[in-house]
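This report describes the structure shown below.

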Amino acid sequence: MRFTVMTLFPEVFDSVLATSLFGKAVEKGLLDVDRINYRSFATGRHQVVDDTPYGGGSGMVIKVEPVARALDEVRSRDPLVHTILLTPQGKPFLQRDAERLSEKNHLVLLCGRYEGVDERIRELVDEELSIGDYVLSGGEAAAWVIMDAVSRLIPGVLGRSSSHEDESFSLGLLEYPQYTRPQVFRGMEVPKILLSGDHGAIADWRRKQALLRTANKRPDLVSKAELTNEERNWLKEQLCNQADKIGQTA
Ligand code: 6GU
């Protein structure tokens with residue numbers, strides 16, 4: 001898998017690429033990340049990459065030509081690239097997008113910036129993605145987020161190959177509670193079941209905790225999750241009990 005990040009600030013990714021997730025994956029030959037500065041594709045002595053908006057207004061707009069030339073160059077080397085413009089106007093990036101994108105061989109992530117990019121750049125890419133409903137000063141942080149979420153799904157990038165299968169969102173639920181030593185911390189105890197050695201009972205407890213915690217923290221996810229009828233009934237009962245308890249103390 002290869003990522004090509006297009007940005008005006010390639011140095012932003014120095015520390016990202018030095019982290020263990022990316023560093024080790026690159027070392028193992030599972031991942032390649034290259035960075036392209038739009039500025040290298042600008043023409044003229046001053047290598048201008050942005051300009052004032054037609055029609056007036058504040059801020060600068062990234063010019064279409066340097067971006068188009070950068071894309072032409074990447075496509076000439078690899079015609080099958082999948083190109084993504086990072087913008088708050090894009091489709092919200094979800095775990096299922098990470099899964100979908102992890103099947104691609106080569107992703108090109110184009111970082112915009114908040115003042116804007118020439119509208120015609122949208123015609124040059126395969127899709128537009130956003131990482132949430134807030135405004136970032138540029139797409140670089142979003143590129144990092146997407147590279148992290150996608151590359152950790154590539155077999156071999158994470159140490160334990162199955163470790164992302166039972167985690168938050170891949171099953172549509174939040175993760176169950178985790179504990180490590182000490183057994184008691186400031187009076188807070190590790191649930192006894194986790195010390196029992198009964199793997200079946202532990203798996204059952206974890207599934208139920210995941211259900212309960214998702215229902216409490218992210219009820220919007222429960223309606224979309226795949227639950228058995230038995231699980232739905234159990235959850236309904238739990239939530240009723242919780243509501244009764246709250247009723248009693250009020
Ligand atoms: Cl992809 N870019 C910018 N500039 N802001 C964002 C974003 C992307 N996603 C959420 N906010």
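## Basis of the model

This is a predicted model, in which local features need pLDDT of at least 70 and side-chain atom pairs count only at pLDDT 80 or more, whereas totals for chains, interfaces and linings use all residues. Residues are numbered from 1 along each chain as its sequence is written, and side-chain values use heavy atoms, with hydrogens and water left out.

## The sheet

An open sheet is formed by five strands in the order β2-β1-β6-β5-β7, with parallel pairing. Strands are DSSP runs of E with at least two residues, helices are runs of H or I with at least four, and both are numbered from the N terminus. Two strands pair if DSSP finds at least two bridges between them.

Strands β1 (residues 2–7) and β6 (residues 106–111) run parallel and are joined by five bridges; Val5 has Leu109 as its bridge partner in β6. Helix α3 (residues 64–77) packs on the sheet and touches β1, β2, β5 (82–92) and β6, its direction making about 175 degrees with that of β6. Contact here means heavy atoms within 4.5 Å. Axes are lines fitted to C-alpha atoms, for helices over the stretch in contact, and angles run from 0 to 180 degrees between N-to-C directions.

## Helix α5

The 12 residues of helix α5 (residues 140–151) should span 16 Å at 1.5 Å a residue, and the end C-alpha atoms are 16 Å apart, which agrees. The expected span is 1.5 Å times one less than the number of residues. Among the buried residues of α5 are Ala142, Ile146 and Val150. Buried means under 20% relative accessible area, exposed over 50%, and partly exposed in between (1.4 Å probe, protein chains only).

## Ligand surroundings

Residues around the ligand include Leu86, Pro88, Ser130, Ile131, Tyr134 and Ala142, a residue being near if one of its heavy atoms lies within 4 Å. Nitrogen atoms of the ligand lie 3.3 Å from a polar side-chain atom of Ser130, 2.9 Å from a backbone N or O atom of Ile131 and 2.6 Å from a polar backbone atom of Tyr134.

## Arg122

Arg122 lies in the loop between β6 and β7 and counts as buried because its relative accessibility is 14%. Its side chain makes polar contacts with the side chains of Glu128 (2.7 Å) and Gln89 (3.4 Å). A polar contact is a pair of N or O atoms within 3.5 Å; within protein, one must be able to donate a hydrogen and the other to accept it, and residues adjacent in sequence count only if both atoms are side-chain atoms.
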